[in-house]
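Okay, thanks for coming, everyone.

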Amino acid sequence: MFFGNYFASLHPSLYSARVNLHRDPLLAPLKQYFGFSSFRPLQEEIIRDTLAGKDVFAVLPTGGGKSLCFQLPALVRPGLTVVVSPLIALMKDQVDALQAAGVAATLLNSSLAAGESRPRLRGLHNGEFKLLYVAPERLMLSGFLEDLKQWNVNRFAIDEAHCVSEWGHDFRPEYRQLATLRDQFPGVPLMALTATATERVRADIIEQLHLKNPASYLASFNRPNLTYRVAAKSGSYEQMVDFIKARKGEGGIIYCQARKTTESLARKLTEDGINARPYHAGLTADERSGNQEKFLRDETRVICATIAFGMGINKPNVRFVIHYDLPKNIEGYYQETGRAGRDGLPGECLLMFSPGDRVKQMRFIDEKPNPQERDIARAQLEQMIHYAEIASCRREFLLGYFGEKAGEPNCGGCDNCLAPRATWDGTTAAQKFLSCVYRIREKGGFGVGMNHIIEVLTGADTEKVRKFGHHELSTYNIGGEHTRAEWGAIGRELIRLKLLFQNPECFNIIEITEAGRDALKTRRKITLTKPVQPNEPQKQRAGEIACDEALFEKLRALRKQLADERGLPSYIIFSDVALRQMARFYPASDREFSRISGVGDKKLREFGALFLGEIRAHLQTNARQMFADDSFTEAAAPPRAAPPAPQ
């Protein structure tokens, strides 16, 4: 390839596991259909294990190439690969992309009329397809299972496999029925894939799906091209508009808690010159699919959505994800931010945060009838609050949540690392808080929760305070210099500093630790961090590919025209990565064009001449720009992917 070491360093996943095309039978179809000359981390190992007939369980990050792990094996062995997918939009997206690459793939779901389903079923009976995408409800119908037994199924791939676990953030009861596939098709290997799963969820998936001694793969959860920021809500709408307008021409997703908010934001943004549309479960199916389709085709710049939007959406050029409201848990937040920058180019993740968000979320949690669900939800919310308030590296926190250690103390890709927050001498405040916790325990012999401690500190006259006699404590009403929200932030930081312990097993009561007792006794200095400020740090774009921006815009317009003529989203023609490579290296022949990422045989035949013509026309009136490492040499491959996780 001719991208040079510069591009390899920005996108190392495109260069791992490099093997000679002529020696490895997997690389020929990889290039022919998908336009790649090498595998991303863990893809080759997963593919070889499933081709050997093993069950496979894989956790790969969003944009890490999960789909290829079952799509490529489907092309090199006879028979049908059945892909279980939870969303109609996801199925259509992947089938459109496969068909554009020359792969015989189809889908069956409730969106098809009888006249559309019949020829597909006939093709399946005749063995015309290599991949079938189907929803779990359709798959488990008894008549459909009998049909499958006639169609030479060689593999089941269960996408978004975290939906099978009650401990996951997106449990779907219909996924539990998939456990019977093992009994119905005892000799057919299963592959389960997800982007988001804690250790507990991973174990539950393997158990629920009855995977037999699966080859298990756990890729890094790190998304180095994403920048994570938290901004204090201060005129949040205006902040958001400024953020979007500073990113001219870039599209993104805004996640909101309430349906009403998605509609009001979309309306106001459109009035302010930013083309936006809402997406939530209260819209009609036609409205939802129409708004989503416009976003996928780059006709709508911003989608304002509840969490109903986005699972499995394959749009690679989402450049930013904004959380207008606080997410319920880290898993959901990680998955939603993962929809930015799937192509490896820079993506930005902005969380708008106010301590008052915690109160709103707690109201919803308190309405849950099941006590166990309430406890789990509260613990998950506290983790989310910690993420929003920490002064240390946000990437390190996210990776640690999923059991992974960060490589560097400063990631260079979050607000806290790019512009460390100011600190203040919080000794007096910490002494007051610790003393209040101690006095409450001393008086009654029991602990209380965060809110009650803050009520005592701020002199609240509540029935509970009077009932326990806490208005008589020496620490009652000694905290007037801080608001309740500020005391909440101080208390949570004392927990992070391990001076206090919040017991999730016992109603989240606050206890003073040995370290806290020592700090209280010795009055040692305690440094606290100032809250997040509204001012955004200087923008940094990790993973950018420098290119001829004028040519990139021309190629983008050509791509949009070709996509519209075919009724497809633009990225199915070519990704932004491919266009940026074209605008950086100016390919002048079919041979050079075929080296662009994502150019397979069919796309070379169909689009090569058009894009080469656009590049030639541009160079007739514009000077060729020069960039570092623009040689036509093979890019150096980084170290191979890590071995499989212990089984």
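Let's start with this: in which loop is Pro587 found? Pro587 sits in the loop between helix 27 and helix 28 (590–593); helices here are DSSP runs of H or I with at least four residues, strands are E runs of at least two, and both are numbered from the N terminus.

Quick housekeeping. This is a predicted model, where local features need pLDDT of at least 70, side-chain atom pairs count only at pLDDT 80 or more, and totals for chains, interfaces and linings use all residues. Residues are numbered from 1 along each chain as its sequence is written, and side-chain values use heavy atoms, with hydrogens and water left out.

Back to Pro587. Its relative accessibility is 2%, so Pro587 counts as buried (buried is under 20% relative accessible area, exposed over 50%, partly exposed in between, with a 1.4 Å probe and protein chains only). Setting aside residues up to four places away in sequence, Pro587 touches Met582, Glu592, Phe593, Ile596, Leu612 and Ile615, contact meaning heavy atoms within 4.5 Å. Pro587 and Phe611 are 24 residues apart in sequence, and their C-alphas are 9.3 Å apart in space.

Now helix 25, residues 549–566. Its 18 residues reach 26 Å from first C-alpha to last, close to the 26 Å expected at 1.5 Å a residue; the expected span is 1.5 Å times one less than the number of residues. Which residues of helix 25 are buried? Those are Leu551, Phe552, Leu555, Leu558, Arg559, Lys560, Leu562 and Ala563. They pack against helix 26 (570–573), helix 27 (576–585) and helix 29 (601–621). As for the ends, Asp548 caps the N-terminal one, with a side-chain oxygen 3.3 Å from the backbone nitrogen of Ala550. After helix 25 comes Gly567, with a positive phi near 70 degrees.

Another loop, then. Thr513 lies between strand 16 (509–512) and helix 24 (514–522). With a relative accessible area of 18%, Thr513 is buried too. Where does its side chain go? The Thr513 side chain reaches the backbone oxygen of Lys498 at 2.8 Å. Beyond its neighbours within four places in sequence, Thr513 is in contact with Lys498, Leu499, Leu500 and Phe501.

That's the tour, so over to you for questions.

Technical notes
Polar contact = N/O pair within 3.5 Å; in protein donor to acceptor, adjacent residues only side chain to side chain.
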